Amino acid sequence: MARVRNWQIDREMSYWYPENRPKRQFAAVFDTNKCIACQTCTLACKTTWTSGKGQEYMLWNNVETKPYGFYPLGWDVKLLGKLGGQKWKGSRYEGRTIFEAAEGGERVHGWRPEEMDYAYPNVGEDDCTGAKLERGDFLTLPHNRWFFYLARICNHCTYPACLASCPRGSIYKRPEDGIVLIDQSRCRGYQECVKACPYKKTFFNPLTGTSEKCIACFPKIEMGEANQCFVNCIGKIRHAGFVSRPEDAREDNPIDYLVHVRKVALPLYPQFGLEPNIYYIPPIHVPRPFLHQMFGPGVDHALETYRGAADDPDLAGLLSLFGSSQYIVHRWKRENDSVLGFDEKGDEVVRVPLREPVHIRQAWDSARSIARVNIP
Ligand code: SF4
Ligand code: SF4
């Protein structure tokens, strides 16, 4: 095992291979507060990449309702239980990562789901925590009764457990963009990656006898375009781009701004130790202890910043760029009441108003003798 630096847990940790970061790292921010669980992203991915034989059960992108939704069943709670206590001291994680918890002969501490664990995604999961609403109940923040939608794809981790676990060396991380892929000609279907990935984002194809996973729509990324599940997102919750290391963060890089500068977007289960590269703006209505175990110690700051966005034109402006362009926005800036996004060459690819104009029409149109309805 090598010693590598993981900034998300603010310390060095053990990993199977030495630190070898790509030239740039594909990354994204998902705003959980905007997801409506329409599953358009899931189907956009399904029809693009996993409509073949042997792929029927695969959801490279899935959306589950937390706390009771899972795909596959119990993917996170099983591992959290196996890891035991997960203590943070400030920004430093003092517990064991899944690499450090590996037992004799293992490279990664994991578990392999059963076939039936994939059988019923999204069935019966939209249940509130807490008892049923009583007469006289009212909503407070955080809510006593709550759930939220968690959209998930492969995190194209900096320290992928799938890659570390593969005895064939079939999994690789592209040096040009950090996307993690499985070489189908090398894979022999041992499924060590299925066991190792804590997010359960590699899938075994019983017909080809190989494992498959989200490829981050790399042909689109190579053309400067955003992924299928991003451009089809109805809630406009997603923003694709590239993340820097904290010491290299740039304010004009949208992902850096949200992750490093304003620290409003957080990794999913940073304590697992993979340095995942999909970041989440946590839901504002959920009790903090649940969010702390899911997104780490930055939750309070992230939520305070996010809830202040109404009086924060830069943050509000960048949030309004989400889902506004089919292209990857590499740079952004606000000019008074407009927010601009630029591609890699520096050409403007999108411009949105900081606030959408609202036009209210007269309820009674006397010229045409008809009533009009205004929908805010
Ligand atoms: S989320 Fe899982 S499949 Fe994706 S890179 Fe990380 S360990 Fe590998
Ligand atoms: S398309 Fe967007 S809003 Fe709809 S479920 Fe997917 S992430 Fe959520």
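Predicted model: local features only at pLDDT ≥ 70, side-chain atom pairs only at ≥ 80, totals over all residues.
Local features need pLDDT of at least 70, side-chain atom pairs count only at pLDDT 80 or more, and totals for chains, interfaces and linings use all residues. Residues are numbered from 1 along each chain as its sequence is written, while chains are lettered from A and ligands numbered from 1 in the order in which they are written.

The chain holds ten helices and 19 strands; these are DSSP runs, with at least four residues (H or I) for a helix and at least two (E) for a strand, numbered from the N terminus. Its radius of gyration is 22 Å, close to the 21 Å of the globule rule for 376 residues, so the chain is as compact as a globular protein of that length. That radius is taken over C-alpha atoms, and the rule is 2.2 Å times the number of residues to the power 0.38.

Around ligand 1 there are 14 residues, of which Cys-154, Cys-157, Pro-160, Cys-162 and Cys-197 come nearest. A residue is near a molecule if its C-beta atom, placed from the backbone, lies within 6 Å of it.

The loop between strand E4 (62–66) and helix H2 (75–83) contains Pro-67 and also Pro-72. A cis peptide bond joins Lys-66 to Pro-67, with omega about 15°, and another joins Tyr-71 to Pro-72, with omega about 0°.

Asn-122, which is not a glycine, has a positive phi of about 70°. Tyr-269, also not a glycine, has a positive phi of about 50° and lies in the loop between strands E13 (266–267) and E14 (278–281).
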